[in-house]
Amino acid sequence: MKKTESERVDGVIMQYLREFGLETPLNEHRLIQAWDTVLGPAVSKYTKELRIYNQVLFVTVSSAVIRNELMMRRTELVSRLNSQVGAQVITQIVLR
């Protein structure tokens, strides 16, 4: 038997996720999981809640000092988080 039109498994899985509208929620979950990796444990222990709505990451931070530092680095954080996931998942971060 001759192989014809073979495809890579990862391509088939991504096509399946796109068809059923599951790619965006998966990427959002991956971005939230990447928060600890990108910012490290020192910052993540002051983070209380992370959620994404309309490509905006809402973050609740318990320390005013950490919140101020993150506000100054928002643009950098958006690009680092998106590059960690490998897709444009968020466009901005709102800190509370």
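Modeller: A crossing of two helices is called left-handed if the near helix is turned anticlockwise from the far one by less than a right angle, and right-handed if clockwise. The model discussed here is predicted, so that local features need pLDDT of at least 70 and side-chain atom pairs count only at pLDDT 80 or more, while totals for chains, interfaces and linings use all residues. Residues are numbered from 1 along each chain as its sequence is written, and side-chain values use heavy atoms, with hydrogens and water left out.

Biologist: In which strand of the chain is confidence highest?

Modeller: The chain averages a pLDDT (the predictor's confidence in each residue, from 0 to 100) of 93, and 97% of the residues score at least 70. Helices (H or I, at least four residues) and strands (E, at least two) are DSSP runs, numbered from the N terminus. Confidence is lowest in helix H1, residues 9-19, with a mean of 88. The highest value, 98, belongs to residues 56-61, strand E2.

Biologist: In what order do the three strands form the open sheet?

Modeller: Strands E1 (47-53) and E3 stand at the edges, each with a single partner strand, so one side of each is left without a neighbour in the sheet. Neighbouring strands are turned by 20° against each other on average, direction ignored. The pairing (at least two DSSP bridges between two strands) is mixed, and the order is E1-E2-E3.

Biologist: In what sense do E1 and E2 pair?

Modeller: E1 and E2 form a hairpin with two residues between them, and Asn54 in the turn has a positive phi of about 55°. Arg51 has Phe58 of E2 as its bridge partner, and Leu50 has Val59. Over six bridges, the sense of the pairing is antiparallel.

Biologist: Which residue in E3 does Leu57 stand opposite?

Modeller: E2 and E3 run parallel and are joined by four bridges. E2 is mostly covered, five of its six residues being buried (under 20% relative accessible area, with over 50% exposed and partly exposed in between, for a 1.4 Å probe and protein chains only). The residue of E3 opposite Leu57 is Ile93.

Biologist: At roughly what angle do the axes of H2 and H5 cross?

Modeller: H2 passes H5 in a right-handed crossing, with contacts made by residues including Leu31 and Trp35 of H2 and Leu77 and Leu81 of H5. Axes are lines fitted to C-alpha atoms, for helices over the stretch in contact, and angles run from 0 to 180 degrees between N-to-C directions. The two axes come within 9 Å and cross at roughly 120°.

Biologist: Does Ile66 count as buried or exposed?

Modeller: Ile66 lies in helix H4. Apart from neighbours within four places in sequence, Ile66 is in contact with Val43, Tyr46 and Val61. Because its relative accessibility is 18%, Ile66 counts as buried.

Note on methods:
Contact means heavy atoms within 4.5 Å.
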